[in-house]
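Me: Could you walk me through this structure slowly? I am new to reading these.

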Amino acid sequence: MESMGRSSVRLLVGLLLLRSDWCLAVNSGGPAEVSGAFPLVVSTWPFREAVRAAWEVVSASDGGGSAVDAVVAGCSACEVLRCDGTVGPGGSPDENGETTLDALIMNGATMEIGAVAAMRYVKDGIKAAKLVMDHSLHTLLVGEKATDFAISMGLPGPINLSSPESLEKWRNWRQNHCQPNFWKNVAPAGSCGPYRPISVAQALDSVKREVEGSQGGACQEWFQSDNLLEPINSHFKFIDRHNHDTISMAVIDKMGHIAVGTSTNGGTFKIPGRVGDGPIPGSSSYGDDEVGACGASGDGDIMMRFLPCYQVVESMRRGMEPQDAARDAISRIARKYPDFVGAIFAVNRKGVHAGACHGWTFQYSVRNSSMHDVEVITIYP
C-alpha cells in the first residue's frame with residue numbers, strides 16, 4: 001500500500017509538471033503563466049479582426065475547425081479588410097500601377113504547401129493558395145497561370161485588383177519622377193524608366209549629378225564617405241510597416257495540429273513580376289506539428305535570402321526556446337544587412353510564443369482559450 005501511495009504521488013507531481021510546461025507563454029517582458037494554451041492563433045501586427053476570424057473557426061464548440069481552415073479564415077478576413085493597405089486587393093501598386101497578390105498556406109501535419117505569386121485578377125490570395133495545395137501536386141503557381149488555375153477552380157475573376165487609392169498613390173509617385181524605387185545601378189537614376197544598366201562608378205556619378213543639381217553642396221559629405229560599396233539608391237530607404245507589410249498567421253488547433261499562412265500584395269512600386277518572401281516556404285512562414293511555427297514580416301527581398309522561419313523552426317527542433325530562436329534568426333540577417341527592417345514571431349508546439357525584430361518596432365497578435373479577446377504584444381528592436 002505504501003508503494004502504491006508513493007507511485008500515486010509521483011504520478012500527481014508528473015502531471016503537475018506537465019501542465020506547467022504546457023501553460024508557459026512569452027510576452028515582450030518575459031515568461032508569463034497562462035492556462036489553456038490550445039487552441040492558439042498568432043498573427044503579425046495588430047490585425048485583431050483577422051485573429052478573431054481564425055479564432056471563431058478553431059474554437060468552435062462542435063469540436064473546433066482545423067488549423068488549416070482557421071488560417072484561411074483569418075487571412076481571408078485581412079484580405080477583405082485590406083489590412084494596412086498591404087494585404088489583399090486595392091493596395092501596393094507596382095511600377096505599372098497594378099496590384100498583384102502573393103499568398104501561401106502550409107499544413108504542419110502533412111508538410112503540404114500551396115502558394116501563388118504575382119497573381120493577377122483574383123482577389124482571394126489565401127484561398128487560391130489552398131486550392132493549389134488541395135488540387136495539385138505542385139507547391140507554387142505564378143502570374144497569369146496562377147490566375148487561370150484559381151478561376152478554373154471556382155474563385156471569382158477576372159477582377160481589377162486596383163482601387164482609387166492605389167491608383168492615386170501610383171500617379172503621385174509618377175509625378176515624383178518614380179522616386180523612390182527598387183532599381184539600382186541603372187540610368188536614368190532620378191526619373192522614370194525605361195532604364196538601362198550601368199556600372200557602379202557610372203551609377204554613383206549619375207546620382208551625384210542628380211543630387212548636386214537639386215541640393216547644391218548640401219550633400220557633398222555623402223560622396224566623401226568611405227562606404228561607397230553600398231548599393232546605389234540605398235539612401236532612399238522607404239520600406240516600413242505601411243508600405244511593405246504582410247499578414248503571417250500560425251494556428252494550433254484543439255488536436256495540436258499546426259498550420260501557417262501568409263497573404264500580401266507585396267512592396268509598393270515593386271518592379272512588375274517581383275515575388276517577395278510571402279509565397280516562399282520557410283521565409284514568410286513555416287510550421288511543423290512536431291516542433292512549432294513561425295511568421296515573418298519586413299523587407300522580403302532581404303529576408304527570403306535567409307529563410308528565417310525555416311531557421312526558427314529548426315532551431316526550436318534542436319532545443320532552442322522561441323525567444324532565442326527568433327532572436328537568432330533575426331541576428332543572422334542583421335549581421336549581413338545591418339540596415340534591413342524585419343520581424344519574426346515564433347511559437348512552439350506547447351504554445352510558448354515570442355517575437356524579435358530589427359529596424360522597427362514590431363507587434364504581433366495572440367488569442368488562446370485563457371484570453372477573453374485578442375492581445376497585442378509589442379516587441380522593440
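**Around T246**

Reply: T246 touches T44, W45, F47, T86, V87, T262, S263, T264, A296 and S297, leaving aside residues up to four places away in sequence, where contact means heavy atoms within 4.5 Å. This is a predicted model, in which local features need pLDDT of at least 70 and side-chain atom pairs count only at pLDDT 80 or more, while totals for chains, interfaces and linings use all residues. Residues are numbered from 1 along each chain as its sequence is written, and side-chain values use heavy atoms, with hydrogens and water left out.

Me: Is T246 buried or exposed?
Reply: T246 counts as buried, because its relative accessibility is 4% and buried means under 20% relative accessible area, with exposed being over 50% and partly exposed in between (1.4 Å probe, protein chains only).

Me: Which UniProt annotation covers T246?
Reply: The unreviewed UniProt entry gives "active site" for T246; UniProt positions are given in the numbering used here, feature names are shortened, and annotations may be inferred rather than shown by experiment.

Me: And where in the chain is T246?
Reply: T246 is in the loop between helix 8 (220–223) and strand 9, where helices (H or I, at least four residues) and strands (E, at least two) are DSSP runs numbered from the N terminus.

Me: What does strand 9 pair with?
Reply: Strand 9 (residues 247–252) pairs with strand 10 (residues 258–264) in the antiparallel sense over six bridges, and two strands pair if DSSP finds at least two bridges between them. Within this pair, I252 stands opposite I258 in strand 10.

Me: What order do the strands of the sheet follow?
Reply: Eight strands form an open sheet in the order 6-5-4-10-9-3-15-16, with mixed pairing. Strand 6 and strand 16 (375–379) stand at the edges with a single partner strand each, so one side of each is left without a neighbour in the sheet.

Me: New topic: where does L137 lie?
Reply: L137 lies in the loop between helix 4 (125–135) and strand 6 (140–142), and L137 is exposed, with a relative accessible area of 89%. The C-alpha atoms of L137 and E112 are separated by 9.3 Å, and these two residues are 25 residues apart along the chain.

Me: Back to the whole chain, how many helices and strands are there?
Reply: The protein chain has 11 helices and 16 strands, and buried residues make up 51% of its 381 residues.
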